[in-house]
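Me: I am new to this structure and would like to learn how to read it. Please take me through it feature by feature.

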Amino acid sequence: MAPGTAAQRESGRTFRPENVDVVIRVCVGPGGIAAGAMDVIAAFEAEIERHGLHTAVEERPCSCGILKVGCKGLCARDVLVDIMQGDHIVTYQYVKPAMVPTIIEQHILGGEPVEKWRTDDDYDHFHRRQEKILLKQCGVVDPENIGTYFEVGGYKGAREALLQHTPEEVIDIVTRSQLRGRGGAGFPAGVKWAATRRARGNLKYLICNADEGDPGAFMDRALLEGSPHSVIEGMVIAGYAIGAVQGYIYVRAEYPLAVKRLRHAFAEAYEHGLLGKNIFGSGADFDLEIRLGAGAFVCGEATALISSCEDRIGTPRVKPPRTAASGLWGRPTNINNVETFANVPIIIRRGAEWYRSIGTEASPGTKLFSLVGKVKNTGLIEVPMGMTLREIVEEIGGGVPDGKTLKAVQTGGPSGGCIPLELMDTPVDFEHLQALGSIMGSGGMVVMDEDSCMVDVARYFLEFCRDESCGQCTPCRDGTRVMVRLLEDICAGRGTPEHLERLEALGKAMEAGSLCGLGESAPNPVLSTLRYFRDEYEAHIYEKRCPAKVCKELITFCIDEEKCTGCVVCKRACPHEAISGEKKQLHVIDQDACVRCGICLDVCRFDAVYKE
Amino acid sequence: MIHRLAVNPILFYFFTSDSNGTGTMNDTLQREQIEKQVDEILSHYTEVQGNLISIMHEIQTLYHYLPKEPLRVLADRTGFTMQRLYSIATFYNHFSLEPRGKHEVHICTGTACHVKGAPRLVDELERELGIKEGQTTEDMNFSLHAVRCVGACSLAPVVLVDGITLGGATPKSLTKLLNKLRKEDETEPSGGNGNGKQP
């Protein structure tokens, strides 16, 4: 039974897939929209209109409906479109508006799928090893239509929790499931909830941390934009369990679509009595509001986030007291990540034992990762905890493209580290990653190949932390600054052996002396690359050479005499007029004028330009 | 952000007016009109407490940046001090106290974009527009910002132009796009500096 009365369920459905013969499912996740999903939808609508396919007519018993769904995973192939006729699904990739008339005419009207535009084996490989629990709904429900969420069992978990369990029982189920916080640290959610429930005070708050600031991560965005109701449902359950009647979702301002879809979802939930007073007649009340971030990475830290919710700048404070004792406006506050909340309804519905059967013993369940960087199948994936990095990168990701070699995988964003090729068989869970000097983090997974310079990557992350440090405590504010300067020296060929010693000493001091997680973990990218890629640092220092040929000061662009045909393409393309040579004659790069932008390398059709 | 202005930024901020120097606030925007606009924004909220950042977002959306006058009105209406508003406006990257160009170009410099060549895009656009990252062209046509991850990592490197995502960007595709925008502006000239533009 879906929650709410039959009439309520009815009104939630503006579109009923079972009433049409063909459902056209278009991905409107972050990747889909960026690739032009809205234009594709407009094209489908226009074609449906043109052929009169809204309703079936006698001579052509075929009607179509468009269903907008959240992230389908393989964003690299967006826009992804499923044509569903009953149980038969055909998926098209890289769909452009211009392809739509052919798909409609040849496939939907003619019954012949357009083979050349269908997804290939990669698409199957990408999905084969995944275990989709959270994402199952994401590519199926319309994020702006609560009816489609009811159809996949939505709000059943909340109904069960509020009507059949006491708050203590709910906490017990979540504790037994060993669900660990998905925001990065992996603290057991049930333990956190119990602490907030026990805390003194009648007024308690529940906050969902949707300030996904890690560069290279978009799991929370995909969930909020793809299935906002699963997060809301998780929060309703958590609110009931800890005794909070007011909740907030703190969303970063960079995700306007997530905010829009959440607001829409709130309105739908209120309309169906799933938020507000006396939910399901259980007597429990719960209200939800959105709090907007404004572009500050540090606000992902719980106390900084609370400070931001209180109309102040996002500076963390010393703990204890923990937020469970004194959080928002000094009241007991429970903060969990988007993904953590999305797990809760499923755990309630299917039980703690079932949940523990997935993943590893210490880290049960699945984890979402955004698999990006130098990997063939970039996208959003969900795998059981404990899968090895190699399986993720090689089998799901399809390996590194263009015949290059894998060098490292970066996990955990600016707080994480780089894991080298030799350790690719490490199972991915909280403990194993930490042992390697990285962290699970929120789930960004950036693949790097031989063309990525690890010193440059370390500098990149330290620059990020320097810019995002709130400036409150000295180890972080000044430590990141000095570290960036040292790394800049090394990248520019001014490094000495002493630089490495200072980096290590500073890193340890920052870990020990910083006030919050940002400063404590900021040295991780440097320390982990120093641990696994020391030879690259040493090449920069002793040989004044960048092995990956990235650091501008240490490379030169040259033209191969044998290969150059004198086509003047590079000469014309060079923005700094550094290339000389007449037509059909060898071209030469003036090293003094060259700024090493690499444009000549891109435009040369004869592979004559190379880096040294 | 705080160290953007060389000397004593707070004093600089309070003792200069918007109408001199940058010439940003339209003179016809009278205080009364501003009051009306701010009151309209405030009417969206049942309580101010806890919503200050959202309110400032709305003000920035309306004026395209945070001019001083509306902030003064906001301070008067809500009882927050100008210092508090200033601290928020400078702490959070999303807010700008300086006017921004008609077209906003955001280059994503998230990790995935970085390893796929975002730094080169920054260099190229800086050269193409003749400004540094964080600046606005003199004709107020383009602002260039490097941002940290827009969450479209699978399409890296990504550039947002006026909020529209361009995936797999190259120096060439960007130059093309800028030229297209310039051409469009030439054919339909629409009042210069972009104040009051809704993104």
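**Reading the model**

Reply: B:H64 is buried, with a relative accessible area of 4%. Buried means under 20% relative accessible area, exposed over 50% and partly exposed in between, with a 1.4 Å probe and protein chains only. This is a predicted model, in which local features need pLDDT of at least 70 and side-chain atom pairs count only at pLDDT 80 or more, while totals for chains, interfaces and linings use all residues. Residues are numbered from 1 along each chain as its sequence is written, chains are lettered from A and ligands numbered from 1 in the order in which they are written, and side-chain values use heavy atoms, with hydrogens and water left out.

Me: Where in chain B is B:H64 found, and what is its phi near?

Reply: Most residues other than glycine have a negative phi, and most peptide bonds are trans. B:H64, in the loop between α3 (52-63) and α4 (68-78) of chain B, has a positive phi near 80 degrees. B:M140 is not a glycine either, and its phi is positive at about 60 degrees; this residue is in the loop between α7 (118-129) and β2 of chain B.

Me: Which peptide bonds are cis?

Reply: One runs from A:P320 to A:P321, with omega near 5 degrees. A:P321 belongs to the loop between α14 and β8 of chain A. Another runs from B:A156 to B:P157, with omega near -10 degrees, and B:P157 is in the loop between β2 (142-147) and β3 (159-161) of chain B.

Me: How many helices and strands does chain B have?

Reply: Helices (H or I, at least four residues) and strands (E, at least two) are DSSP runs, numbered from the N terminus. Chain B has eight helices and four strands, in the order α-α-α-α-α-β-α-α-β-β-β-α along the sequence. Of its 199 residues, 48% are buried.

Me: How many residues of chain A are in contact with chain B?

Reply: Contact means heavy atoms within 4.5 Å. In chain A, 57 residues are in contact with 38 residues of chain B. Buried area is the accessible area (1.4 Å probe) that two parts lose on being put together, summed over both. Between chain A and chain B it is about 3,800 Å², with 55% from carbon and sulfur atoms. On the chain A side, A:A294, A:D311 and A:Y460 lose the most area to chain B, together 18% of what that side buries.

Me: Is A:V298 buried or exposed, and what is it in contact with?

Reply: A:V298 is buried, with a relative accessible area of 2%. Its place is the loop between β7 (287-292) and α14 (302-309) of chain A. Leaving aside neighbours within four places in sequence, its contacts include A:P316, A:C470, A:L518 and, from chain B, B:F91. A:V298 and A:E212 are 86 residues apart in sequence and 10 Å apart in space, C-alpha to C-alpha.

Me: Which element gives the largest share of the lining of the second largest pocket?

Reply: On a 1 Å grid over the protein atoms alone, a pocket is an open set of points where a 1.4 Å probe fits, with protein on both sides within 12 Å along at least five of seven lines; lining residues have an atom within 4 Å of a point. The largest share of this lining, five residues, comes from β8(A).
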